[in-house]
Structure formats: C-alpha cells, structure tokens
Amino acid sequence: MSPEAPSLSRRSLLRAGAATTLGLTAAGCGFSSAPDAAGQAAADAPVDVKVDGDLVYFNWADFVDPAVFAGFSKEYGVKVVQSNYDSMEGMAAKLNAGNRYDIVFPTAKWAERLSRGGRLRRIDHGRLRNAEAVFGAYDYFADPWYDPRSAHTVPFTMYKTGIGWRRDRLGDLTGSWDDLWNDHAKGKVFVLDDRDEVLAIGALEHGLPLTTDRPDDLDRVTDTLRSLRPRLRGFSSDSYNNLLNGNADMTQAWSGDMAAMLAQAKDPSVFGFETAREGAPVNSDCYAIPADAPHPGTAMLFIDYMLRPENVKRNIEYIGYPMPVRGSEDTYAALVEPFPQCHVTAADLRDDMFFRNGTAAGEKARDAAWTDVKAG
Amino acid sequence: MATTARPPRAAGKAARERLWTWLMLPGTLWMTVFLLASLILVATLAFGTTDPLGNPRFGFVLDNITALADPAYRTVLLRSLGYALVTCAVCLLIAYPVAYAIATSGGRYKNVLIAAIVVPFFANYLVRMYGWSVVLSDDGPLLRALRAIGLADGGTRILQTGTGVVAGLVYGFVVFMIIPLYAAMERMDTSLIEAGRDLYAGPLRTFLFVTVPATRQGAAAGCVLVLLPAMGDFVSVQLMGGPDQIMIGNLIQDKFFQGQNWPLGSALTMLLMAVLLLGMLGYLRRTRKDEAEAVR
C-alpha cells in the first residue's frame, strides 16, 4: 500500500485500529457524488502561491520531519493543523464525506481515482519555484499514467516492494520471489497484509499483469499463493518489527521500511533486502490539493517549501524513503548503504510495475481472490 | 386553577412520569440516531453496489448476500465461534476464583481490588494488545524465561498460533467476566455456603453445587459480554494470529479497508450479527426463565 514512517509500530497500530474509525467513516459514508461543473471550474483555476490561511494537513502519521513543520510555521506565520489517516480508503472516505483539507498524499492509484473523480485541484507547476528539480530531473513524473502531465499532483516519495530477510539465519538468497518458498525459512515467512501486494507475488511468478482481474489469471495466482500458505507464519505489514523481534526469517517488505529499520537495528549486517528479478512493484506518494481545500495558496506554498533541498534532505533522513528531487540522491544512498536495492531508479519506474485501478467487477474479483488466499 | 381540581397525589404521579420521560429522552435519541441509524445503514448497504471510484452506492442487488455462500466464510465464522467459546471457558476459569476471592475475603479492600482489575483496561485496547504481542514474541521475555528454565525449546511459539489468539482474547475481555460474576457473588446469600458446609460438603463441593448455581446469572451475563466482542474481534488475530487463525472480524475489516467493498463488508457484518443475535436470544430466554422461577 504505502510506505511506513520510522515508528512503524504506530502505523501498524493505526492499521490494526482501522475499525475504530469505521463508525466515523461510515457516518460520512462516502456517498457524495462528483462535484458540479462550477465546482470543477473552480478546481481548475490556477492558485496563487501565497498565505491564505493556516495549513490543514492530512497524511500518514509521522510522515514529515516535525522540524520541517516548525520551520514552515515560523517562516510564514501559519499554523499547521494536522490529522492522520490509517489507510488510503480511510483518507478517501473522509474526503468524500466532505471533510476539508488543504493537502493530502495519495498513492499513484489513488491519485488517479481522486483526480478522475474531480476531487483534486489543478496544480500549476510553473508557479512552484522548486518544481523544476522534480520534473526537470525525473522524466517519468512529467507525464505519469496516474495523472497526465502531473496536472493535479507533485510526487513526494517513491518505493518498491521486495523481500527482507535474516542473513544470519538464511545466508544469501537468489533474488527471486521463489525465495519465499525457501525450505529453511518454512514457518517463519510473512507477507504483507495487503491485497494488491500479495496477489502481485503470484502474478509476477507467472509473468501476468500486476493487477490482473481475469478469472483464469486469478485462479493461477491463488493456486500459487495457496502453495505458499503452509509456509507462512502470517500476514503482517509490520515487516521490520517482525524481523527485528525474531518472529520472521523472511518477509515481504516495502523498501522504505527496510531503510527505516537500519536506524533501529543494532547490527544491520544480519539483515538483507532484495528485489526480485521477476519484478518489483513500485509506487509513489504524491502531494495533492483537494478540490475544496479551504487554503490552496498555503498548500502550494507548503509544497514549494517541502521541495527546498534542505527540507528534502531532512525528510528523507526522517522517513527513510527516496524522493524524486534532483540533488537528494546522495543523501538517500548514504542512508541505505547496507541495502542498495532500496534505491528507486528511473529504470524501476515502469508503468507495468504500478498497481492500477480496475473496474468495479474487476476489483470484486480481486477481492474474492484475496479472501481465498487469506482465509484459506 | 385547573390543577387544584386534581387530587395532589395524582398530580405528583403525572409530574414524576413526565420527569422520567424527559430523563429517558437523551438516551433514547442517542440510541435511535447512532445505533439504529447506523444499523439501518449497514443493513441497506448490504444490498448496495460500488461505483468506479470505489464509493458505496445504495441499490437492490443480491450479489453480496449470495457471495456469503462461499465456504471460506462458513469456515471462518465457525472458527471465530470456536475461539470465542474457548475464550469464554478460559475467562470463566480465571474469573470465578478471582471474583470469589474478592467477594468473600476482600473485606474493606474490595473496591480497591476491583479498581486494580478495571483500571488497566482504561488504556487503549489496541495498545495493550500490541504490548502483549511483544511479550509473547519469539525473542520476547516470556519465551526467553521459559527457555531458560527448560520449559520451552527454540521451536516453541505462542505468536501466530491459536494459543496466542486465545491468550489475546482472554486478556482483552476477562474483565467483562469478572465484574458480573463479582456482582452476582456480592448479591448471593452467603448463608447458603454455610448451609452447604453444615451438610458436610467440602470447599470444592460447596463451590460447585452451591456457589456456581447461585451465581449462574452473573456467569451467563459474563459469557454474553465476552462472547459478543470476542466473536467480532480482529485485533487479537492481527497481532497474534497467523494464516490459520483468521477470524470473521479480519475479513470484515478487509472488505471495508482493502477491497473498498463496503456492501460485502456490510453483508458479512449482518451475518455476524445474526449469529450473535441467536446467542443473545438464548441468553434472554434463560434469564427470563430464571426470573420466573425466582418469583415463584
């Protein structure tokens, strides 16, 4: 789904407590329809980059260095009003229920859904002084599949999915998803508690499209994952804690989690992280301004401020995820020196390695496949 | 004046009735709006669909109801019921001696002892369960200690086993068993225990044939209070279970938060509620029978 903050256990708590918020989101219920034509025109109008109120910020918990917030507040004399979500679905439900925020951070798939549904405001990159360091250096984001010409988004982080493992217990791996079937790790293998990520293992093993929803493809995927099931110890998105506390010998993991783990591991050399040659799912979180943001000017200012080189560096070091900003590459390379495969390069950013939105029927079919895999 | 025509006692009664009506109003409104309305929402959404943006839409399709025929749901539902029943049994075993000891020998410390049991439960359930999962982890303090004294070997595990899940559920809900049992024991006529002793029954016999029957209503209330949340729990499995322990609460959570399939999640919620309702009806029938016997 999305990357983790350094204090991942807190994110896991949030995930695990998602149902606590169920009642709240259900109250909003996300039944509102797409905005009207006048609303759409307003959302397309260019926004001045200027303070027009406090910043109402909505993101995963702990996903920006607090010092960066403090600097922004001090420099522009605005307050940052923070709230957090525990899933993309929860974030979308709050937006649909009419809660108003100035800035949100959808993943690629959700950026597409929200912009297609008229939920995001157009962003004129020409007005952002620091945007050139992104779009001038990372061609991919100049016209990504999820938001043509990045009209409503600016990329924030990048990450990919691979396998984290205990080198001290298993030695070297082969660089394939087959490693999850490694006999030495039997009974101590975790996969992420995430539908798309887990189905992707089966799809990549068979060379199928990452987010296939064809019934016969899904049958092959579930058959493969069923053969993995007896070897599994659990479905958990708490990858690095599972490795650190000895519950896992091997786990499917997001690259940023592994980078964040380096800060906590006493001896990083006992751990490893690899991406599989069959393919590594890749993703990106984006800055986006909701169509009904009360203070879009401040939000634009905040994006520009976040893209300043010193703030990019601070945030990379704080959350452990690389950012597509020119000049930040060395900072990340130094951070993940023991796990070089955490890098996300231009070659990794392939359209076919992103999770895509499906039709309602397709999503249902994938959902049923996931139940099949999870419930056994 | 009109009121002077009414006898004063009747007027007082009417005023009291009005007062009770007013006092009941906030609670009734609250339940109507937040409980009934959300129930109706979930029930109707079970027949709904999902739009291309993933938003739920009301409608009238039976897809979600027919999807419940998938054998996976039956397996998971039965498993959840099994875990909830085992949890109830373990909670009873733990709660009876605790409640008995406090009620009979607590003396002036009774309230303090009850507070000592209840206060830790003020901390967020999730945080406590997370802490519990750390304690039970492979390299955690409990298994390290057991290994040190030779009661466990390198392959012994608690997390990601049924034991781990039941441990989590018991830890989470045992207080709901202790409190009603304690209340029942407080109300119990202790001369019954003395009578049992007078008739040469030993402590165990007295406990089993005098105390347990006399407090069965408290036990039944405790079982309902434990069974209901344990059936729908998903945190315990998420933190302490493995693939073979998935419960119905986890699947419902997935439908709402991963598949964005709120209609199917709603249908599953209704299925769970139907099962729980059966248990609840059984409990109500039992208590009504007990009350009728007591009156007679």
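Predicted model: local features only at pLDDT ≥ 70, side-chain atom pairs only at ≥ 80, totals over all residues.
1. Residues are numbered from 1 along each chain as its sequence is written, and chains are lettered from A in the order in which they are written. Local features need pLDDT of at least 70 and side-chain atom pairs count only at pLDDT 80 or more, while totals for chains, interfaces and linings use all residues; side-chain values use heavy atoms, without hydrogens and water.

2. In chain B, the axes of helix α9 (residues 191-198) and helix α10 (residues 203-214) come within 10 Å and cross at roughly 160°. The pair therefore counts as roughly antiparallel (angles over 145 degrees). On the α9(B) side the contact (heavy atoms within 4.5 Å) is made by B:L192, B:I193 and B:R197, and on the α10(B) side by B:T206, B:V210, B:T211 and B:A214. By class, these residues are four nonpolar, two polar and one charged.

3. There are zero disulfides over all chains, a disulfide being a pair of cysteine sulfur atoms within 2.5 Å. For B:C91, the closest cysteine sulfur is that of B:C88, at 6.6 Å, too far for a bond. B:C91 is buried, at 0% relative accessible area (buried means under 20%, exposed over 50%, partly exposed in between, with a 1.4 Å probe and protein chains only). A:C286 is buried as well, with 0% relative accessibility.

4. A:D48 lies in the chain A loop between α3 (37-44) and β1 (55-59). Its relative accessibility is 43%, so A:D48 counts as partly exposed. Leaving out residues up to four places away in sequence, A:D48 touches A:R127 and A:G297. A:D292 is 244 residues from A:D48 along the chain, and their C-alpha atoms are separated by 15 Å.

Conventions. Axes fitted to C-alpha atoms, helices over the stretch in contact; angles between N-to-C directions. Helix = DSSP H or I, 4+ residues; strand = E, 2+ residues; numbered from the N terminus. Parallel < 35°, antiparallel > 145°, perpendicular 65-115°, else oblique. Nonpolar A, V, L, I, M, F, W, Y, C, P; charged D, E, K, R; others polar.
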